[in-house]
Amino acid sequence: MSATTFKGGVHPAEYKELSLGSPVEAYLPKGDLVFPLNQHIGAPAKPVVAKGDHVLAGQLIAEAGGFVSANIVSSVSGTVKAIENRTTISGGRADCIVIENDQKYELAPGVGTRRKAEDISDEIIINAVKAAGIVGMGGAGFPTHVKLMPKNKNDIKFVIANGCECEPYITCDDRLMQDHPRRIVDGLKLVLSLFDNAQGVVAIEDNKPQAIKTMQEICAGEPRISVQVVQTKYPEGGERNLISVISGRDLHLGQLPADVGSIVCNVASLNAIYDAVYKSTPLMERYFTISGDAVKNPKTVIAKIGTSASELVEAAGGLKDGATVKKVLCGGPMMGIAMGTLDVPIQKANNALTLMTTDPVEEAEKVQTACIRCGRCARVCPIHLVPQMMARDAENGDYEHYEKIYGLDCISCGSCSYVCPSKRPLMQTFKQAKAVIMARKKAEKAAAAAK
Amino acid sequence: MGILVATVCIAVIGLLVGIALVNVGKKFAVEVNPKEAAVREVLPGNNCGACGHAGCDAMAAAIARGESPVNGCPVGGEPVAKQVAEIMGVEEVSSVKKVAYVRCYGTCGNAVSSVNYVGIKDCQAAVNSGLSNKDCAYGCLGLGTCVRACPFDAIHIVDGVARVDRKACKACGKCVIACPKHIIELLPDENQFAVRCANRDTGKNVKKVCSVGCIACHICEKQCEYDAVHVVNNISHIDYDKCQNCGKCAAKCPVKIIEQRFA
């Protein structure tokens, strides 16, 4: 099968070899665990524990605060130390539940109870996923139970297991596919059982031969599941591009994948669905990559949700001798968010930490010049926008025109910033423009509601 | 000979068109409220929009129609209000001159900085990125969004913190809207004292990030004889309706964050 792909995109250096070779180990946190209440898209969760309560691993500590929201469970047993406002991994502040780890890892009653395949119904799957607090683990953090309940159930043609992992440095999905292919496929089969007309597709970039091989072996006997090898290109794993590659249909602003007949789940989410349904185990831990040229032993670990980022860096051997860290990113170098401190907890949707000895933004700023209108950004934009025009509008504050040229469709992949010969901070400009427009729309809506 | 004919022709056409234009101008003249024109004359003409109208023309029309108060121009202040009141034939309503004030003194030496923000040099962009050059979550970022918003060149970044030039400020309020940290406010110009901090954390946490942050010690509150100073949400506030400019709060402030704006 020849590798398929979309139009546009870039080929950044992968650096996957840094962390791919090391064995995956479970890391047990030493310090307190912190659970921000807004670690998913939608309404923040509401705490159901109070300061001083004793909680067990897998116990619900905050319940979904609305339809689009997710439960949060404790990943360790211990005492609730505080519920307070703290800095989160994105640099913002949010209310967090802080749990002091008693190092016993006592499981809450019912966690780990195995379910038999014949007992599983659609309702049980949805309820188990909801109770487990599973969210999109590829980065977006969209509550999975909402994703699994589209209005047009029978129109769903594809359930895509996203194992592309196109972001440089990160290898956690690759390792997960190599280590637990059976779980991923069983998770995918559970999702497929909800959609009668759908076929399952496992999409993997062709730079992961080992993962492709294992997944193909497992999927060989599955009539409804196939493995689709896609070309190694960034952002191949972006939801919109993947749907376009697999199903041939394009997604537009305001549409969800279900509107074009696809459901996309990260392989880590499918693994979590498997755990939740078959083993009644909520989302407590995930594969997490710590990499970058400043890290001594870049590797993937199984980290408890809520573990401090600084502990995970220590788990990867800490910093290289004599290395000074210039840039810490939550995620990879393309879409990752720069972090100001390592003293923050990792969340469900985070998949990697990248520590670098150089700051590419700083380097770029030194040589930044005016836009020369070469059009390279438009050539690589995976959703076919014209970044140079969007940047001009954003810089001039002409947000009306920015919207008119579909600037809100931007997926913030950073391909334009990557190729720009003038080193312009395009992606940050668009992120800001989108934030300003969304804030204005919200204010307008509030003003209209007040009338 | 040819040149003469051409000259005469052009002269005659010019004359006829001139007469026609004068007549058309008189016939189709748009009646302008004389007051509107007079008011427009005395308005500053910055077209800043601080009054809420689309520039000084629209403001003059609104005043002439009686839809806007005579002291509605924050830029012109009292002198303009007086002139406008005279034109409109109403008694002048007293207007208090205000100036913008930045509630932060976290200069490079005072504020603790553990992060180096690189990226677009704009405060809103920095807020969106979640990073800031200062550890204080409330203070001035010093990237100059307010400086670019000011139409009067009255606000500048001095040593990492925005500082308002009291004399140049016309209180149009553009910086107040532009500041993503919401630390700029309009104060009455005659009041001498102001709290130069906006940190709502408790004293212990403030000390960690800034040497001159309000630690909510309540000493200012106890010093004030006029019930004008109160600590709300861990930050001192001065009620300018009650403040008598005695300066006792500023004298006793242990972190010297209540500032005498001009001696």
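Which residue is the bridge partner of A:Cys330 in strand 16 of chain A? I looked this up before anything else, and in the predicted model the partner of A:Cys330 is A:Ile337.

**Entry 1: the sheet around strand 16.**

**Entry 2: the contact between the chains.** I then turned to the contact, to which chain A gives 17 residues and chain B gives 11. On the side of chain A that touches chain B, at least two residues come from each of strand 16 (337–338), helix 10 (360–366) and helix 15, and helix 15 of chain A supplies the largest share, with 5 residues. Sorted by class, this side of chain A holds 5 nonpolar, 7 polar and 5 charged residues. For the complex I recorded an ipTM of 0.79 and a pTM of 0.84 from the predictor.

**Entry 3: confidence in chain B.** Chain B has a mean pLDDT of 88, and 98% of its residues reach 70 or more.

**Entry 4: chain A as a whole.** I counted 15 helices and 17 strands in chain A, whose C-alpha atoms fill a box of roughly 65 × 60 × 50 Å along the principal axes. Its radius of gyration is 22 Å, which agrees with the value near 22 Å that a compact globule of 451 residues would have. Buried residues make up 51% of the chain, and among contacts between residues at least 6 apart in sequence, 72% join residues at least 24 apart.

**Entry 5: the cores.** The largest nonpolar core has 185 residues, and those with the most contacts inside it are A:Ile160, A:Ala161, A:Ala203, A:Ile273 and A:Leu312. Helix 8 (residues 267–278) of chain A gives this core its largest share, 8 residues. Leaving out residues up to four places away in sequence, I listed what A:Ile273 touches: A:Val129, A:Ile134, A:Thr144, A:Gly187, A:Leu190 and A:Val191. A second, separate core has 13 residues, among them B:Val39, B:Leu43, B:Val70 and B:Cys73.

Entry 6: Why is strand 9 of chain A largely enclosed by the rest of the structure? I checked its residues 158–163 and found 6 of the 6 buried, so the strand is largely enclosed. A:Phe158, A:Ile160 and A:Asn162 point one way from it, while A:Val159, A:Ala161 and A:Gly163 point the other way. Strand 9 of chain A runs parallel to strand 10 (residues 199–205) of chain A, joined by 6 bridges, and also pairs in the parallel sense with strand 12 (residues 262–266) of chain A, over 5 bridges. A:Phe158 has A:Gln199 as its bridge partner in strand 10 of chain A and stands opposite A:Ser262 in strand 12 of chain A.

**Entry 7: helix 12.** Last, I looked at helix 12 (residues 387–396) of chain A, where the buried residues are A:Pro387, A:Gln388, A:Met390, A:Ala391, A:Asp393 and A:Ala394. These buried residues pack against helix 11 (376–380), helix 13 (399–404), helix 14 (415–419) and helix 15 (426–450) of chain A. After helix 12 of chain A comes A:Gly397, with a positive phi near 75°.

Conventions: Residues numbered from 1 in each chain as written. Chains lettered and ligands numbered in written order. Predicted model: local features only at pLDDT ≥ 70, side-chain atom pairs only at ≥ 80, totals over all residues. Buried ≥ 20, exposed ≤ 12 C-beta atoms within 10 Å, placed from the backbone. Helix = DSSP H or I, 4+ residues; strand = E, 2+ residues; numbered from the N terminus. Contact = placed C-beta atoms within 7 Å. Nonpolar A, V, L, I, M, F, W, Y, C, P; charged D, E, K, R; others polar. pLDDT = per-residue confidence, 0-100. Rg over C-alpha atoms; globule rule 2.2 N^0.38 Å. Core = buried A, V, L, I, M, F, W, Y, C linked by C-beta atoms within 7 Å. Pairing = 2+ DSSP bridges.
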